[in-house]
Structure formats: structure tokens, C-alpha cells
Number of protein chains: 2
Amino acid sequence: SVNPDLGSERQTASFCVERLTALLDGGAEQTRIRRAVVEAIESDPVFSRENQYFQTQNERYEAAVMKAVHLQKKMHEMGWTENGPEYKYIYRALSGDVAFLLHRVFMRSISVLGSDRQIAKWIPLATQHKLIGSYAQTELGHGTYLQGLETTAVFDTATQEFILNTPKISAMKWWPGDMGRSATHTVVFAQLYIHGKCYGIHPFIVQIRSLQDHSLCPGVTAGDIGPKMNFEHIDNGYLLLKNVRIPRENMLSKFCEVRPDGTYVRQGSQQINYFTMTSVRISLISDEVLTPLQKACTIAIRYSVVRRQSKLKPGEQEAKILDYQTQQEKLLPQLAAAYAFHFTNDYLQELFDKGYREIQRKNFDMLPELHALSSGFKAMITQHCTAGVEICLRACGGHGYSLLSGLPSLYTKILASCIYEGENTILLLQTARFLIKCFMAASAGQPVPPSVTYLAAVKHGKCPAKNKLDFLSPDIYTEAYQHVAVRLTSSTAAKLQDLIQSGVKKHDAWNQCTVQLVQAAKAHCHYIAVKNFAETVEKLETKAGIQKIMKHLCDLFALHGIFSNTGAFLHDGYTSAAQMDMVTAAYLDLLAVIRKDAVPLVDAFDFTDKSLNSALGSYDGQVYQRLYEWAQKSPTNQQMSPAYERYLKPLLHNTLSKL
Amino acid sequence: SVNPDLGSERQTASFCVERLTALLDGGAEQTRIRRAVVEAIESDPVFSRENQYFQTQNERYEAAVMKAVHLQKKMHEMGWTENGPEYKYIYRALSGDVAFLLHRVFMRSISVLGSDRQIAKWIPLATQHKLIGSYAQTELGHGTYLQGLETTAVFDTATQEFILNTPKISAMKWWPGDMGRSATHTVVFAQLYIHGKCYGIHPFIVQIRSLQDHSLCPGVTAGDIGPKMNFEHIDNGYLLLKNVRIPRENMLSKFCEVRPDGTYVRQGSQQINYFTMTSVRISLISDEVLTPLQKACTIAIRYSVVRRQSKLKPGEQEAKILDYQTQQEKLLPQLAAAYAFHFTNDYLQELFDKGYREIQRKNFDMLPELHALSSGFKAMITQHCTAGVEICLRACGGHGYSLLSGLPSLYTKILASCIYEGENTILLLQTARFLIKCFMAASAGQPVPPSVTYLAAVKHGKCPAKNKLDFLSPDIYTEAYQHVAVRLTSSTAAKLQDLIQSGVKKHDAWNQCTVQLVQAAKAHCHYIAVKNFAETVEKLETKAGIQKIMKHLCDLFALHGIFSNTGAFLHDGYTSAAQMDMVTAAYLDLLAVIRKDAVPLVDAFDFTDKSLNSALGSYDGQVYQRLYEWAQKSPTNQQMSPAYERYLKPLLHNTLSKL
């Protein structure tokens with residue numbers, strides 16, 4: 001039975017929830033396919049996550065391997081294929097709790113970097129799971145700066161082999177997934193040496209474990225890097241190589257080849273490689289970043305209408321905590337962001353698909369813009385969503401702090417997204433470099449890519465808003481965001497030029513501007529996110545209340561950004577103090593409006609109880625009962641502790657050796 | 001051997017590290033005592049935390065109980081007493097990793113709330129550990145709102161007993177420390193009923209486990225609440241009571257008594273109770289909040305001079321990451337905050353001691369101010385320090401995400417401080433209520449407590465700074481902070497009055513202002529923190545470079561606050577845009593200045609390697625070696641996994657039942 005405090009929230013929805021779900025899925029048919037996948041996965045006990053919060057790292061790893069192996073069967077049974085429409089929903093339905101994700105990266109790197117001959121040899125082996133692959137790039141001493149990797153691959157003409165070494169401790173491969181215990185093969189990135197000359201980083205296929213008994217190959221030391229904040233189910237590993245010899249044919253050679261006599265041949269363009277990174281950064285946004293924020297919003301908002309605490313009006317019943325303005329101000333902007341970034345993701349996907357089509361026509365013109373946008377948005381969205389999940393966690397008080405709420409593991413997992421696939425600060429600086437370059441070009445009257453043409457049109461006007469309702473106009477707030485992005489980019493470009501003209505060396509000048517460059521990159525992405533949300537809303541169907549509620553969320557997303565960062569808008573007087581007070585008033589008014597639809601808006605994300613795996617967030621809102629039931633199952637209640645006999649009894653009975 | 005990249009940082013310290021350590025400790029003699037305690041604890045293998053990151057919740061609990069019991073012996077052996085000068089250093093030396101902390105709360109609540117007779121009976125039993133006490137206040141359904149607690153204690157005149165019940169699931173006690181597995185007794189807070197009439201919340205001593213065999217007493221159900229984000233070593237518990245009878249004498253009766261015939265008698269003043277909460281909030285700041293931030297700064301800053309990544313200047317060696325402006329901008333403000341809040345804590349302690357002296361003279365005048373300041377600063381400092389630890393964690397990239405860095409557990413632990421002992425938003429609203437009240441009083445010409453007299457002096461001037469150096473003047477920035485605090489308080493007071501005058505009911509009006517009230521409370525605390533830091537620096541000895549470096553940190557703390565919150569200062573034109581650019585320039589300049597002393601500044605916190613328990617933060621900076629050594633010891637490497645035989649081998653050998 002549904003908790004009436006939750007049930008009543010659903011009766012007053014201003015829009016059709018099912019319709020919004022279909023919009024998020026990209027059509028009702030997609031919703032149907034997704035639900036069928038979820039149903040098939042969740043009804044299979046092998047995929048259960050029920051005891052996840054009670055398991056040790058070892059138990060989590062074993063369960064993930066079991067699930068990965070079982071998934072092969074399941075796909076066959078269900079008729080799902082890697083190219084089928086169901087495939088993209090499987091990972092989400094499993095909540096990512098599965099091993100061998102790096103096996104797919106292993107395969108993709110061979111497909112992208114390998115010769116036709118290498119592809120023909122390795123891909124079938126990998127597809128049939130005659131080996132388990134990994135991807136060994138990051139080292140103890142190097143992550144961001146790939147050129148600094150220290151692993152070496154020396155070509156030995158006599159034997160036609162590469163000799164691989166991790167010559168010092170910092171050269172040890174560190175972090176590769178599936179490598180600690182599972183992988184039999186890996187793609188090692190190493191500095192290539194031929195006749196004593198270094199040719200830079202190249203990829204090599206290296207077998208690390210026996211296919212017979214899984215023992216480590218000669219010269220190979222490997223293991224697990226130990227406990228992490230999350231990802232207990234993945235055996236992130238380390239790898240030491242000591243004079244490990246591999247045949248010449250194992251260097252992936254689509255772009256570069258070493259001939260038998262040691263001649264180094266470069267062939268084709270490597271530009272496509274950047275495109276791979278772009279593709280990874282965009283693809284992680286949906287599964288690894290948006291889904292956790294949507295889940296956290298679902299949990300925190302459902303809990304906040306079930307939890308009653310203190311009285312809003314004297315003499316009345318205790319109030320639902322979502323009725324407090326401060327709680328609305330914590331949660332509803334996160335909800336708006338979850339929607340905003342969903343549409344940003346659509347925008348990036350579309351741009352990416354367009355870029356892909358161009359590249360296939362050998363037109364690489366879109367690459368710099370795509371790289372800048374995917375870098376900046378990866379950083380901005382992971383940053384916002386991580387902060388959002390943390391806010392949801394804190395907003396649930398003590399119960400949010402229990403692992404049983406599901407929120408801690410959402411947080412500790414999404415946090416990693418700020419670091420992997422490009423550390424956020426580094427990525428924002430790449431976006432900033434593109435912005436500065438385009439700003440200079442635009443100022444000189446040269447053409448620039450579409451997303452940055454606005455930089456050319458520096459206007460020195462003022463915000464025209466006259467009352468708080470004006471701030472519900474997308475034109476008004478989008479222009480304000482644009483103004484800030486232009487101002488931050490142009491002022492930082494000016495500072496950079498001033499420094500260089502005053503004699504500061506170029507790299508020093510750049511370093512002295514990086515704090516402000518990061519601000520400019522964020523402002524650029526924020527502007528595009530707001531603009532895209534507003535344009536998306538414009539095009540939505542007006543039926544079933546969808547456009548209206550999305551418009552409210554768009555307004556909230558935009559005004560929350562201004563309210564949280566007033567200085568950027570006030571700085572040069574574009575927005576006046578009186579206008580900022582209007583923003584505040586409009587923003588606070590919106591909270592009360594959206595609060596009414598808060599539960600339907602999270603229901604539309606359509607998470608099952610099993611996928612949320614949260615005692616606070618279930619569809620029926622029976623929070624306290626579930627917390628109590630789940631706690632019973634904890635090993636802290638299921639296993640007798642020796643502490644009483646060993647320590648407490650002697651203490652209480654005063655039979656400890658006399659003090 | 002010390003990593004030369006770390007060693008070189010120590011040779012250029014602009015101040016005497018040992019002198020700064022003594023300043024932080026409150027004198028060289030205190031430093032000596034502290035170090036003796038640390039040495040005694042850390043040389044005792046029973047107190048080792050070496051394997052902490054590898055242990056399960058059950059193992060952590062058992063170790064904490066073992067340590068707590070061993071500590072009794074140790075104290076006797078060392079001649080340490082609860083009133084001795086060593087006592088306050090023990091908990092810090094143990095990094096809080098010990099059981100029975102609630103036993104002390106049990107004792108304190110009896111001392112404060114019990115009659116002389118009750119104190120005479122229970123305190124000796126507790127002191128001699130003939131029982132283990134806990135403190136059962138929070139329920140599944142109520143934390144913040146104590147009046148809403150649902151546990152009942154009905155007086156039965158026939159038997160002269162109270163009958164205790166947790167009549168519904170939400171009434172279950174939930175969270176009390178040491179209660180899940182250890183405690184034999186607890187203080188239960190329950191609604192007192194006599195002859196059908198409710199007299200509100202009162203405290204009762206209830207035995208929950210047998211002193212003979214530790215079995216649960218009749219009518220008692222208790223257990224552990226399961227996994228949490230941290231505090232695995234504490235058996236936070238739940239407690240259900242079903243018609244549990246306790247003698248009339250077990251109601252703690254310093255302030256209220258139930259006579260044998262059921263007459264309810266109230267005696268004395270309960271105001272002192274508020275003082276207890278104030279005392280707890282202030283005392284937790286040092287151990288639970290400042291220490292974790294200091295540790296996180298130590299780890300992240302030492303790592304940032306050892307980690308080299310990418311090149312700052314082409315052709316040179318890779319740069320220490322602390323040489324990047326963006327890394328400085330992440331870490332150095334946290335370092336400044338760690339110092340700022342150390343001095344805030346001194347200020348609060350002094351105020352508290354003064355208040356305590358007054359109360360002993362039956363003068364309760366200082367209570368409202370003390371309550372407002374301790375609430376506001378508890379919220380502000382826990383919030384800033386939690387964010388600071390998270391920034392330190394992220395700033396260490398992938399290695400920060402490993403539990404072996406020590407940063408994840410610092411973060412997950414300090415995060416709880418935002419919730420316990422008063423949820424931060426609630427606390428800030430209490431401070432705000434005090435501010436509004438005082439502002440109204442001051443506006444009406446009435447006297448107000450010293451910390452808020454500034455509210456009376458609303459000035460409409462402008463910031464007089466003419467260049468960036470002016471912003472290194474404490475008068476300039478302190479006044480700017482004061483101006484913002486006054487503005488936010490007065491404008492919110494005006495909004496509140498306007499709403500009420502326009503017919504909005506008082507409680508609704510209050511709710512509609514809470515987002516802004518929270519801002520006002522934060523601004524008030526921030527102003528006092530800045531002012532106090534500046535005044536403290538003023539009084540420091542000028543010798544050994546101490547005052548100079550503290551002045552830099554004070555400037556950084558103040559300017560970082562302005563830089564991060566420019567809108568508040570720009571809003572009414574008190575600070576102009578040109579002045580804000582000066583703030584930015586002065587702030588960025590300071591980063592480069594303080595960067596030179598960053599390592600000596602964290603060295604001055606004087607943490608041993610054992611207390612940091614971090615592969616990244618050790619004094620010798622041998623980061624990679626230690627990560628590798630520690631990972632070897634992980635259960636993921638020490639325990640054979642059955643996953644190969646069960647799943648991987650059948651998969652690789654294609655002996656899974658045919659797909």
C-alpha cells in the first residue's frame with residue numbers, strides 16, 4: 001500500500017507522467033523496449049542487487065563476474081544482440097554492477113587502432129570470450145599527461161619482438177579495470193624505442209595470464225589496487241612488466257608500423273583518435289552521470305514528502321519537509337538540472353552524430369568544436385550532478401547517511417566521474433583554449449564554429465527586464481548568460497594579452513590566467529545549456545501539460561544559476577541590483593510552483609524499486625518499515641560478534657587483569 | 001629518505017614551523033604533552049589503524065571495542081586521568097577509532113539531568129564499567145523536532161513504575177551509538193504520561209541487556225542499524241520497547257519529579273540544558289571538524305609537491321602540480337580556512353568559558369548569544385570544512401579516490417558533522433532568528449549583545465579601496481564583510497515585515513524568507529570569523545615570521561570569501577566592479593605567495609604518519625612505493641577468489657552450458 005503522504009502528491013500532477021517518460025525515452029516505443037529489458041533483468045535472481053550494501057569488496061567482485069558471465073546466456077536467451085535496440089538499456093538495468101566492461105574497451109581499441117589483420121585475429125577471440133581483455137594506459141605516475149608515460153617497448157630486431165618493461169615504480173600500470181584478477185590480455189601503452197630512438201607512445205597487445213590455469217605469465221606481476229571509494233565490484237589492477245617479450249605483430253598498427261628491419265612507418269591520420277575520446281566523454285554522461293542524479297532526486301524528493309518534521313503552522317500536523325522553502329531550494333534546482341542536462345545530452349549526441357557523418361566524408365572541420373564542447377560539458381555536467389547528488393544526500397539528514405538509502409553509493413560512484421576520462425579542470429582549460437582562440441579569430445573578423453559565433457557580437461547593453469515576470473522570459477535570461485560568457489572570455493583574453501605584452505612568457509601568462517579561464521569555460525557551457533533547454537521547450541508539444549512544466553523547469557534552471565552566481569551578472573552592471581532582487585523573487589516563487597509537481601516529475605524518470613535499491617525512495621514510500629527490515633539483514637545483525645566474550649564480558653564482570 | 005621534491009619545500013620556510021605548532025597547541029608545554037600522548041598510543045600495537053581500510057564493519061566494531069577496553073588499562077599504566085592535561089589529546093591520537101563514546105554521554109546526561117541521589121547511584125557504576133551506557137533520543141521518525149518524539153512512558157501508580165513503549169515503527173529509537181551490540185543501559189527520552197495527561201519529553205534510565213549474559217531484557221528488541229557511509233566502528237543501534245517497566249526512581253529528576261501519588265513537580269531552571277547543547281556543538285568543532293580538514297590539507301598539499309604532471313614550461317621537467325594556479329586555488333583557501341577556524345574555535349571557547357562563569361553566578365544573559373553563535377558556527381564550520389575535505393580529495397585525482405589515500409574516510413566522516421548535533425539549515429535559521437530579533441531591537445535603540453551591536457550601525461558608504469594592495473588591509477575587508485552581513489539581515493527583516501503587513505501569516509512569512517535568512521546567518525558568521533582572524537593576527541608575536549605568514553593566510557581567507565561570493569559585495573554598489581577586479585588580482589597574487597610556504601604550513605599541524613594513515617600524505621613523500629606496498633595487503637590480493645574456478649574458467653574454456 002502506498003503511503004498516503006506520497007499517494008496524494010500523485011493525484012495533483014499538472015501533466016501526464018507517462019507522456020513525459022516517453023519524451024525522455026525518445027518515444028513510447030523506446031519506453032516499451034526499455035521496460036521489457038528492465039523486467040527481464042530484474043526478474044532474474046542472478047542479477048539481484050539486494051545484498052549489495054552488505055557485501056565486501058571480494059563479494060562484490062565475485063558477484064559482478066557471475067553477472068557478466070550470466071549476461072552472455074541471458075542475451076542469447078532473450079535474443080538481444082549488441083546492435084539491437086535493447087542493448088543500450090542493459091547496462092542501466094544492471095545499474096552498472098557487472099564485470100568485464102574493459103573487455104569492450106579492449107575490443108574497441110583493437111578495432112580503432114589495429115590493422116585489418118589484427119582485427120581479424122583478435123576480435124573473434126574476444127567476442128567468443130576465449131580471452132578477457134583490459135586496457136592498460138594510466139600509470140602510478142601518470143594519468144593526465146600521456147606523453148609522460150614511462151613504460152617502454154624496445155624493438156629487438158634479432159628476435160622480431162618488443163621487450164616491454166615498467167622500468168621504475170611510477171611506471172607501473174595502475175587503475176586498469178578488470179586487470180587485478182580477471183584479464184588474460186591487455187592493451188599496454190608504452191614508449192616505443194627502436195635502435196635507441198624513442199618514437200613516443202604506442203599500443204601493444206600483451207598476454208598477462210595463462211589461458212590454461214590463469215597463472216601470471218613470465219615477467220608479469222599483477223594484482224588488485226585495493227579498496228576504493230566505490231567500484232568495489234571492479235578489480236582495478238596494477239601491472240609490472242619485466243622483460244616481457246611479445247611478437248612484432250602485437251603492436252597495434254593501423255597508424256604506425258615497425259618493419260622487420262626496425263623501420264618506423266607512420267600511415268594515415270590520427271585525428272580520428274581525438275574523436276574516440278570525444279565519443280567516450282559524451283557517452284558516459286547519460287549512464288554514469290545523469291542516471292545517478294535522477295535516482296538521487298527520486299529518492300530525496302519521495303522521502304521529503306513522506307518525512308514530516310516540526311510544524312509549519314502552530315496547531316497543525318507536522319509538515320512534510322518538502323514544504324519548507326529551504327528544502328525546496330536544495331532539491332528542486334537539482335531536479336531542474338537533471339532535466340536540463342538530459343536535453344544537453346541530446347544536443348551533444350546530435351552534434352556528435354553530425355560530426356561523425358562529416359568525418360566519414362573525411363571532413364575534420366567539426367573536430368575542434370566537438371572536442372571543446374564534449375570536454376567542457378563532461379566537466380560541467382559531472383561537476384553539477386556530483387554536487388547535486390551530494391545535496392540530495394545531505395537533504396535526507398541521518399537517513400540519507402545510511403547506505404540503505406542508496407544515496408551514499410550514488411555519491412561515491414558519481415564522484416569518480418569528475419576524475420576519469422579527463423580530470424575536470426584540465427578539460428575546462430581545453431575548452432577555454434578553444435574559446436580564447438575563437439574569440440581572437442572572431443575579433444579579427446574571421447569565421448568561427450557555430451557554438452561560438454556569439455563571441456563576436458559583444459554588446460554593451462543592459463538587461464531590459466522591468467519586473468520579476470520578465471525574468472521568466474527565456475530571451476531575457478539567455479541573453480544575460482550570453483553576456484556573462486562573452487565578458488569572462490573577453491576580459492581573460494585581454495588579461496592574457498596584457499601579461500604577454502608586459503613581457504611575461506606565454507606559458508607563465510597562461511598559468512596566471514587559468515583560474516579565470518576555467519570560469520569562462522564554465523560560463524560558456526552554462527550559457528549553451530540554458531539556451532538549449534529554452535529552445536527545446538519551445539519545440540515541445542503543448543498537450544498534456546508537458547511544455548508548461550518543462551518551461552517552469554527551464555526557468556528554474558536558468559534563475560537558479562543566476563541566483564547562485566549573482567556576482568557574474570552584476571559585475572559590469574548588465575544586471576542591476578534591483579533586477580537581481582527580481583531574479584530572487586521570481587526564483588523563490590518558482591520553487592513553490594514546481595514543488596507541486598515534484599513527485600510526478602521524479603516518477604517520470606520511471607525507476608523501479610529494484611533499480612533505486614533505496615529504503616527511502618521506493619514507489620510506495622514505506623520508508624521506516626523498509627529501513628527496519630533491511631537493517632535486520634545486515635551482517636552486523638546476522639553474525640555473532642566475538643567482542644562480547646572477548647572484551648565486554650571481562651570488562652563488565654571485572655575479570656580483566658586488575659587495572 | 002625524504003622525497004627531494006618534498007624536502008626542498010621545507011628548506012625555504014619563511015617562518016619557524018615548531019613555533020607555529022606551539023602557537024596552535026597553546027604553548028610549547030602543550031605540544032610536549034600532546035606528543036607524549038601520541039607516542040604512547042602509537043607505539044602500542046593494540047591501537048594500530050594499519051589495516052583499517054581493509055576491514056569489514058564487523059571487524060571495525062570489534063577493533064573499536066578492543067581499543068576501548070585496552071584504553072582503560074593504558075590510562076592506568078600511563079597515569080592519565082580524565083581531569084589530567086593529557087586527556088584531551090587521547091581521542092585525537094586514536095583518531096576517534098574507539099568504542100563507548102556514548103558511555104560518556106550517558107554519564108554526562110545523568111550528571112546534568114539526574115538528582116544527587118541518582119548521580120550517587122549511577123556514576124560510580126558507570127565509572128567502574130559495571131555497566132555500559134548509551135543515549136537514546138533520536139527515533140526513526142524524529143530527529144530535529146524533539147517535541148515530536150513518540151516513545152511513551154506511562155506512570156503506573158499501583159506498581160510505582162513507568163511503562164515504556166515505542167508504540168509504532170516510527171517511534172523506534174534509531175542511531176544511538178554503542179546501542180546496537182554493546183550497551184547494557186541507556187537514557188531513553190519519552191513522552192511522560194501520568195493519569196492520561198502528557199507532560200512532554202523526559203529522560204529515563206532503562207536497562208536493555210542482562211549484566212550476566214548480555215541477552216536482551218524482556219520487552220526489549222535491539223540491534224544494529226546496518227551499514228553507513230562511515231563510523232563502521234560504532235554500533236549505532238535501534239531499540240524497540242514493549243511494556244518495559246522501570247522503577248519510579250529511574251526518571252532523571254533534577255528538574256522534574258513524579259511523586260508516588262502521580263503528582264508532577266517541576267523544580268529549578270532548565271536553561272542550563274541549552275548550555276549543554278552549546279557546549280557539545282563547540283567541543284565537536286575541534287576534534288571532528290578541524291582535525292579532518294587539517295589532515296586533508298596535509299595529505300593533498302604534500303602530494304601536490306611530489307606529484308609531477310605535464311609541463312609548465314616547454315622543455316623543462318614536468319611541473320609539481322602545486323605550481324599550477326588552478327591547484328593552488330583549490331588547496332590554499334582550504335589551508336587558510338583550517339587556520340581561520342582554528343582561531344574561531346579559540347574565540348568560541350573563550351566566549352563559552354565566560355558564559356559558563358556567568359551561569360555559575362546565575363546570570364543567564366549570555367545564553368541567547370552563545371546559542372546563536374555556537375549554532376551558526378557549528379553549521380558554517382562543518383559546511384566549509386566538509387567542502388574543503390572534498391576539494392582536497394578531488395585535487396588528488398585518481399589516487400585521492402583510493403581509500404589508501406586516507407581522504408575518502410576523512411570525507412565520509414566529516415560529512416556526518418553537517419547532520420548530527422543539529423542539522424545545519426535548522427541551526428542557521430536559529431542564528432537568523434536571533435539576528436532578526438537583535439536587528440529589530442537595535443533599530444529600536446535597545447541594547448543588544450556584543451557580537452551583534454554592529455547591526456545597529458547601518459552605514460551606506462562605499463568601500464574606500466583604491467588599488468589591489470588596499471585589499472590586504474584588514475580594515476577594508478572586515479568592513480566589507482560587515483556591510484554585507486548588515487545588508488542581508490536588514491533586507492530580510494524588511495521583507496519579513498512587508499509580508500506580514502501585507503497580510504501573510506507570520507509563520508508563512510517566515511518560511512518564505514528562510515532561504516534569505518540562511519544567507520544572512522552565514523554572512524554574520526563569516527564576518528565574525530574574518531574579524532576574529534584579523535584581530536588574532538594583530539596580537540601575534542612578530543618573531544620567527546609567524547605574524548607575517550598568518551597575516552597572509554588571513555588575507556587569503558578574507559579575499560577568497562569575497563572572490564567566491566562577489567554578488568553579495570557588489571549588490572548595492574558597496575564594492576564596485578573595478579574594486580572587485582582588484583580583489584581578484586590581490587587574491588591570485590596571494591596564492592603564489594602562500595604556495596611557497598604551503599608545506600611548512602601543513603607540517604605545523606604536526607600529524608604523524610600513523611595518524612594520517614595515508615599513502616599520499618606521509619612525511620617522507622614516498623607516495624608510489626607506499627601505494628604499492630599497501631595494495632599488496634588488501635584482502636583482494638590476500639584472499640583467493642573463487643570467481644576464476646566458478647565463472648572465468650568455464651567461460652574461457654567454453655565449458656559453460658552451451659549458449
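These exercises work through a predicted model with chains A and B.

## Exercise 1: The interface

Task: Describe the contact between chain B and chain A by its residues, its buried area and its polar links.

Solution. 

Step 1. Start with the residues. Chain B gives 132 residues to the contact, and chain A gives 132 residues.

Step 2. Turn to area. About 10,700 Å² is buried between chain B and chain A. Carbon and sulfur atoms give 64% of that area.

Step 3. Look for polar links. Between chain B and chain A, 63 residue pairs are in polar contact, both residues at pLDDT 80 or more. The side of chain B that touches chain A has 59 nonpolar, 51 polar and 22 charged residues.

Step 4. Look for salt bridges. The rule finds 2 across this interface. B:Lys330 and A:Glu423 meet in a salt bridge through their side chains, at 3.3 Å from N to O.

Step 5. Take a residue at the chain boundary. B:Gln516 sits in helix H15 of chain B. Leaving out residues up to four places away in sequence, B:Gln516 touches A:Thr584 and A:Leu588, as well as B:Thr492 and B:Lys495. The relative accessible area of B:Gln516 is 15%. The limit for buried is under 20%, so B:Gln516 is buried.

## Exercise 2: Salt bridges within the chains

Task: Which parts of chain B do the pairs B:Glu541 with B:Arg19 and B:Glu82 with B:Arg104 tie together?

Solution. 

Step 1. Over all chains, the whole structure holds 65 salt bridges.

Step 2. Take the pair B:Glu541 and B:Arg19. Their side chains form a salt bridge at 3.5 Å, N to O. B:Glu541 is in the loop between helix H15 (506-539) and helix H16 (546-563) of chain B, while B:Arg19 is in helix H2 (residues 17-25), so the pair ties together parts 522 residues apart in sequence.

Step 3. Check accessibility. B:Glu541 is partly exposed at 33%. B:Arg19 is partly exposed at 34%.

Step 4. B:Glu82 lies in the loop between helix H4 (57-78) and helix H5 (87-93) of chain B, and B:Arg104 lies in helix H6 (residues 101-113), so the linked parts are 22 residues apart in sequence. B:Glu82 has a relative accessible area of 48% and is partly exposed. B:Arg104 is partly exposed at 38%.

Step 5. B:Lys168 forms a salt bridge with B:Glu150, with the closest N and O atoms 3.2 Å apart. B:Lys168 is in the loop between strand E3 (161-165) and strand E4 (173-174) of chain B, and B:Glu150 is in the loop between strand E1 (133-136) and strand E2 (152-156), 18 residues apart.

Step 6. Move to chain A. There, salt bridges with shared partners join A:Glu18, A:Asp25, A:Arg34, A:Arg35 and A:Asp606 into one network.

## Exercise 3: An annotated residue and domain

Task: Where is A:Glu421 placed in chain A, and what does A:Glu421 contact?

Solution. 

Step 1. Read the record. An unreviewed UniProt entry lists A:Glu421 for "active site". UniProt, again in an unreviewed entry, places "domain: Acyl-CoA oxidase C-alpha1" at residues 274-436 of chain A.

Step 2. Read the fold of that stretch. Residues 274-436 of chain A are 77% helix and 0% strand. The end C-alpha atoms are 20 Å apart.

Step 3. A:Glu421 is in the loop between helix H12 (407-416) and helix H13 (424-443) of chain A.

Step 4. List the contacts. Beyond neighbours within four places in sequence, A:Glu421 contacts A:Val280, A:Arg281, A:Leu284, A:Lys378 and A:Leu427.

Step 5. Judge accessibility. A:Glu421 is at 38% relative accessibility.

## Exercise 4: Buried helix residues

Task: How many residues of helix H21 of chain A are buried, and what covers them?

Solution. 

Step 1. Count. In helix H21 (residues 623-632) of chain A, 7 of 10 residues are buried. Among them are A:Tyr624, A:Leu627 and A:Trp630.

Step 2. Find the cover. From chain A, the cover includes helix H8 (271-306), helix H11 (397-401) and helix H22 (635-638). From chain B, the cover includes E4, strand E7 (220-224) and strand E8 (237-241).

Step 3. Compare with a residue of chain B. B:Leu24 lies in helix H2 of chain B. B:Leu24 is buried at 14% relative accessibility.

Technical notes: Residues numbered from 1 in each chain as written. Chains lettered and ligands numbered in written order. Predicted model: local features only at pLDDT ≥ 70, side-chain atom pairs only at ≥ 80, totals over all residues. Heavy atoms only, no water. Contact = heavy atoms within 4.5 Å. Buried area = accessible area lost by both parts, 1.4 Å probe. Salt bridge = Lys/Arg side-chain N within 4 Å of Asp/Glu carboxyl O. Polar contact = N/O pair within 3.5 Å; in protein donor to acceptor, adjacent residues only side chain to side chain. Nonpolar A, V, L, I, M, F, W, Y, C, P; charged D, E, K, R; others polar. UniProt positions renumbered as here; feature names shortened; annotations may be inferred. Helix = DSSP H or I, 4+ residues; strand = E, 2+ residues; numbered from the N terminus. Buried < 20%, exposed > 50% of the residue type's maximum accessible area, 1.4 Å probe, protein only.
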